[in-house]
Amino acid sequence: MPIIQSVERALQILDLFNEQATELKITDISKLMGLSKSTLHSLLKTLQLHGYIDQNLENGKYRLGMKLVERGHFVVGSIDIRQKAKGWLTELSRQTGQTTHLGILDGREGVYIEKIEGKLAAIAYSRIGRRLPVHATAIGKVLIAWLGETELNALLEGYQYTTFTPATLASREALMSALTQTREQGYALDSEENEQGVRCVAVPVWNHESRVIARTEPLDADLPRGRCGAG
């Protein structure tokens with residue numbers, strides 16, 4: 001397979017930067033690459049034009065550009081969380097005998113994006129794509145518990161606290177109290193708040209930045225009445 005020399009050199013320039021060499025002079029790059037400054041100048045200007053290299057105007061040194069940060073986030077975000085989590089969901093279902101779910105936040109509702117059926121499943125109706133009220137489910141509470149104040153207030157503005165059972169949280173005050181408890185204990189509970197006879201526990205999945213992934217991908221373990229455990 002033929003190698004395009006200019007592309008290879010451009011990539012080699014990017015590889016020169018690391019934690020110990022966050023900024024480099026063109027003379028440093030020239031020595032490390034074994035290339036003339038005139039050759040490097042055109043390569044650096046091209047990389048700079050497209051945002052992959054930036055130049056510190058105070059000292060003239062070059063550094064990696066923000067376009068790499070943008071592309072890096074695309075790569076991380078493209079990892080299929082369903083495939084990553086499926087093994088854990090399967091194992092949790094095997095250990096508990098209950099149905100396990102993976103869910104994300106979509107607008108003001110949670111949505112199941114993966115499901116492993118349990119042998120002792122207590123939930124009568126559950127499917128991938130099912131939408132869930134955030135105020136009345138464990139998965140919903142986990143989805144919004146770690147949102148920023150502004151984002152959470154926007155989500156709850158005009159929110160309808162539909163009552164599904166006598167245990168449903170029917171007010172903002174009750175929900176906010178439950179969210180505080182969720183953050184303190186690290187998981188959320190649903191004690192027959194959405195379906196009578198069904199109790200659930202949900203935990204968040206955190207990303208590499210210690211944030212709940214993509215507006216959260218929690219684990220939801222459904223447990224029958226009288227039993228409750230965290231997965």
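This is a predicted model: local features need pLDDT of at least 70, side-chain atom pairs count only at pLDDT 80 or more; totals for chains, interfaces and linings use all residues.

Colleague: Fine. In the hairpin of β3 and β4, which residue takes a positive phi?

Modeller: Glycine 107, with phi near 70°. That hairpin has two residues between the strands.

Colleague: How many bridges join β3 to β4?

Modeller: Seven, and the strands run antiparallel. β3 covers residues 100–106. Threonine 100 has isoleucine 116 of β4 as its bridge partner.

Colleague: And what joins β4 to β5?

Modeller: Three bridges, again with the two strands antiparallel. Glycine 110 is partnered with leucine 132 in β5.

Colleague: Is β4 mostly covered or mostly open?

Modeller: Mostly covered. Six of its eight residues are buried.

Colleague: How exposed is arginine 131? And glutamate 109?

Modeller: Arginine 131 is partly exposed, at 39% relative accessibility. Glutamate 109 is partly exposed too, at 30%.

Colleague: What does glutamate 195 pair with?

Modeller: Arginine 130, with 3.6 Å from N to O. This pair links distant parts of the chain, 65 residues apart. Glutamate 195 is in the loop between β6 and β7, and arginine 130 is in the loop between β4 and β5.

Colleague: Why does arginine 130 count as buried, while glutamate 195 is partly exposed?

Modeller: It's the cut-off: buried means under 20% relative accessible area. Arginine 130 has 14%. Glutamate 195 has 22%.

Colleague: Where do arginine 94 and glutamate 91 lie?

Modeller: Both are in helix α5 (residues 81–96), three residues apart, about one turn of the helix. Arginine 94 is exposed at 58%, and glutamate 91 is partly exposed at 31%.

Colleague: Which residues are linked in a network of salt bridges?

Modeller: Glu23, Asp54 and Arg63.

Colleague: What does lysine 141 touch, beyond residues up to four places away in sequence?

Modeller: Its contacts include Leu169, Leu175, Ala178, Leu179 and Leu189. Asp190 and Glu193 are also among them, as are His135 and Thr182.

Colleague: Last topic, helix packing. At what angle do α1 and α3 pack?

Modeller: About 75°, with their axes 10 Å apart. α1 spans residues 5–15 and α3 residues 37–49. The two are therefore roughly perpendicular to each other.

Colleague: Which residues make the contact?

Modeller: From α1, it's Ser6, Arg9, Ala10, Ile13 and Leu14. From α3, it's Thr39, Leu40, Leu43, Leu44 and Leu47.

Colleague: How do those divide into nonpolar, polar and charged?

Modeller: Seven nonpolar, two polar and one charged.

Methods:
Residues are numbered from 1 along each chain as its sequence is written. Side-chain values use heavy atoms; hydrogens and water are left out. Contact means heavy atoms within 4.5 Å. Helices (H or I, at least four residues) and strands (E, at least two) are DSSP runs, numbered from the N terminus. Buried means under 20% relative accessible area, exposed over 50%, partly exposed in between (1.4 Å probe, protein chains only). A salt bridge is a side-chain nitrogen of Lys or Arg within 4 Å of a carboxyl oxygen of Asp or Glu. Axes are lines fitted to C-alpha atoms, for helices over the stretch in contact, and angles run from 0 to 180 degrees between N-to-C directions. Angles under 35 degrees count as roughly parallel, over 145 as roughly antiparallel, 65 to 115 as roughly perpendicular and the rest as oblique. Ala, Val, Leu, Ile, Met, Phe, Trp, Tyr, Cys and Pro count as nonpolar, Asp, Glu, Lys and Arg as charged, and the others, Gly among them, as polar. Two strands pair if DSSP finds at least two bridges between them.
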